[in-house]
Amino acid sequence: MYFHKQELQFKANPEKPDAVYARKLQEVLGGQYGEITVAMQYSFQAWNMHIPGKYRDLVFGIGAEEFGHVEMLATMIAQLLEDAPLGITNDAVQSDPTVAAVVGGMDVQQAIVAGAGARPVDSNGNPWTGAYITASGNLMADFTANANAEMQGRTQVARLYHMTDDPGVRDMLAFLLARDTMHQNQWLRAIDELQS
């Protein structure tokens with residue numbers, strides 16, 4: 001059972017709108033190693049564990065936290081899109097807001113399809129897919145996949161951190177970096193225990 005608390009796990013606000021950066025953040029939301037993937041991966045791994053215990057609790061606990069990360073990123077993307085100009089190009093292109101948005105680097109579907117909000121897609125607009133999920137029932141294989149997912153996700157968040165100077169966005173990304181590191185270390189520790 002899930003309970004939704006009406007607050008974000010970590011609250012941060014961008015300094016100003018930035019539709020192009022919102023599109024970049026879509027990668028760590030809906031990309032192969034994004035928060036949607038790890039939230040769903042850990043959930044399916046836990047649902048498929050038939051024996052209760054500390055490993056099932058670990059997978060469920062981290063999975064639940066990852067859904068909070070999905071919410072944080074979706075909220076930040078919506079904030080970055082709010083009042084964002086459609087484009088910063090010359091007058092000829094600017095006369096058509098859709099063309100200006102595309103040329104300017106915005107994901108036009110964020111405006112048209114999602115009403116200036118996040119979507120379950122990567123930074124190129126490719127839909128999130130359940131094919132990203134590893135849930136084999138083999139704890140060693142699954143935990144190794146989980147450690148890899150956290151390492152890959154952390155790398156992408158670190159790169160995005162250096163692509164902005166917005167203090168609110170950086171605060172949120174710093175929080176995600178810390179949590180990704182913690183989760184990576186938890187999976188590695190669980191792997192060590194399984195090998196003992």
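A salt bridge, for this talk, is a side-chain nitrogen of Lys or Arg within 4 Å of a carboxyl oxygen of Asp or Glu. Keep that in mind for later. The model on the screen is a predicted one.

I'll start with helix H1, residues 19–30. How far apart should its ends be? At 1.5 Å a residue, its 12 residues should span 16 Å, and the end C-alpha atoms are 16 Å apart, so the two values agree. At the start of H1, a side-chain oxygen of Asp-18 comes to within 3.2 Å of the backbone nitrogen of Val-20. Several residues in H1 are buried, including Tyr-21, Leu-25 and Leu-29.

In soluble globular proteins, nonpolar side chains tend to be buried together. Here the largest nonpolar core has 26 residues, and those touching the most other members are Leu-25, Met-172, Leu-173 and Leu-176. Two or more residues come from each of H1, H2, H3, H7 and H8. H3 gives the most, seven residues.

Take Leu-173 as one case. Leaving aside neighbours within four places in sequence, Leu-173 is in contact with Tyr-21, Leu-25, Val-157, Leu-160 and Tyr-161. Apart from this core lies another, of 14 residues, among them Ala-46, Ile-62, Phe-143 and Ala-149.

Last, Glu-150, which sits in helix H7. Is Glu-150 buried or exposed? Glu-150 is buried, and it has no salt bridge. The nearest side chain of opposite charge is Arg-154, 8.4 Å away, whereas a salt bridge has to be within 4 Å. Beyond four places in sequence, Glu-150 is in contact with Tyr-42, Glu-66, Asp-180, His-183, Gln-184 and Trp-187.

Note on methods: Residues numbered from 1 in each chain as written. Predicted model: local features only at pLDDT ≥ 70, side-chain atom pairs only at ≥ 80, totals over all residues. Heavy atoms only, no water. Helix = DSSP H or I, 4+ residues; strand = E, 2+ residues; numbered from the N terminus. Expected span 1.5 Å × (residues − 1). Buried < 20%, exposed > 50% of the residue type's maximum accessible area, 1.4 Å probe, protein only. Polar contact = N/O pair within 3.5 Å; in protein donor to acceptor, adjacent residues only side chain to side chain. Core = buried A, V, L, I, M, F, W, Y, C linked by side-chain atoms within 4.5 Å. Contact = heavy atoms within 4.5 Å. Lys, Arg positive; Asp, Glu negative; His and termini not counted.
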